[in-house]
Amino acid sequence: MNSFLRPIPLASALMVAFAAGLVAPAARAQSVTGAGSSFAAPLYEVWGEQAKEKAGIAVNYQSVGSGAGLNQVVAGTVDFGASDKPASASLLDAHRLYQFPTALGAIVVIVNVPGIPPGALRLDGPTLAALYDGRITEWNDPAIQAQNPDLTLPDADVAPIHRADASGTSFVFTSYLSHVSSEWKTRIGAGTSVAWRDGAGARGNDGVAASVRETIGGIGYVEFAYANHNHIPMAQLKSHDGPYVMATKENFTAAAAQADWAHASNHVVDLLDSPGLNAWPIMSATYAIVPNAAKPDIRRFFEIGLRDGEEAARKLDYITIPAAIRDEILTNWPK
């Protein structure tokens, strides 16, 4: 046989076909990488499954905390970052990034206090701040007892647990404490990482949840889904308008209804200590940050999530963003 007419091995044939553009684009692997918020990790995991099923897009999301997620998208090492602390307009402009909310969620206070029934403990904002800055060190402190006259509080040490990583959840929580406690605002302030005066650190929402569950006298702050799915007792918090409110989806929805989307620059809304008798006081949006020149797979992933993933988001205890805002986000996606 003439050497020029010998059969080409299969692998070589595929390489030749690929180089010639004969292999259909659908056969090529499509992937999207993301990193950041542990608050949003359950959402992106489920949206990733939907994107793979509907469009063949494989999503690899790393729950490394909001600070790391923002740094990675700025550095260009991931396709999108996720943060519960919105990026500043100047940073977005400097690095040609597009930011938008993907869901709303609640930060709840979880406790492990001996002898106290789940959901029975009541706390107001200033008391919560004092539990975290070391001014209250025992669970039977008069400030707590005054809010819980029907409970027998134990003579047990308070063990506050905070995030050890740069965290959007910490930013939301410390922003709330700064809002309700002038002493906290002056002494510690708000940030993804702050100079905690007391307590131990744990990585991620899941790490804080595990630490509180294992620590007698423990108190922590996590996204609602982590507390709910792990059956960790949550405290009632005092609302802006006075009553103590339970951590329920109805009360989260009441707070979300106060969002002022009409005046939200870069879609950033403030939902802390919202008015309303039943409004849960620690609410936040979680944000995605993508390059203006993002590849089409990234837009397709978020389009599937925002349009087709609403029911999945609700099942994970998130509050979905309004349809009008969703449509605006996709319509204004940078070309």
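Start by selecting Tyr44, Trp47, Tyr61, Phe80, Tyr98, Phe100, Phe301, Phe302 and Trp333: ring pairs link these residues into a cluster. Keep in mind as you look around that this is a predicted model. Across the model, the count of aromatic pairs comes to 23.

For one of those pairs, pick phenylalanine 252 and tryptophan 280, whose rings sit edge-to-face, with 5.8 Å centre to centre and 75° between the planes. Where do the two partners come from in the chain? Phenylalanine 252 belongs to helix α11 (residues 249–256), while tryptophan 280 lies in the loop between α11 and β11 (283–291), so to speak a link between distant parts of the chain, 28 residues apart. Buried or exposed, these two? Both phenylalanine 252 and tryptophan 280 are buried.

Now switch to cartoon view and colour the strands. You'll find an open sheet of eight strands with mixed pairing, in the order β2-β1-β3-β11-β4-β8-β6-β7. Go to the edges next: β2 (57–63) and β7 (200–202) each have a single partner strand, so one side of each has no neighbour in the sheet. From one strand to the next, the twist averages 25°.

Zoom in on strand β3 (residues 80–83), which runs antiparallel to β11 and is joined to β11 by three bridges. Select glycine 81 there, and opposite you'll see isoleucine 289 in β11.

Last stop: helix α3 (residues 66–75), which packs on the sheet. Helix α3 touches β1 (30–36), β3, β4 (97–112) and β11, and its direction makes about 155° with that of β3.

How values were computed:
Residues numbered from 1 in each chain as written. Predicted model: local features only at pLDDT ≥ 70, side-chain atom pairs only at ≥ 80, totals over all residues. Heavy atoms only, no water. Phe/Tyr/Trp six-rings, centres within 6.5 Å; stacked < 30°, edge-to-face > 60°. Helix = DSSP H or I, 4+ residues; strand = E, 2+ residues; numbered from the N terminus. Buried < 20%, exposed > 50% of the residue type's maximum accessible area, 1.4 Å probe, protein only. Pairing = 2+ DSSP bridges. Axes fitted to C-alpha atoms, helices over the stretch in contact; angles between N-to-C directions. Contact = heavy atoms within 4.5 Å.
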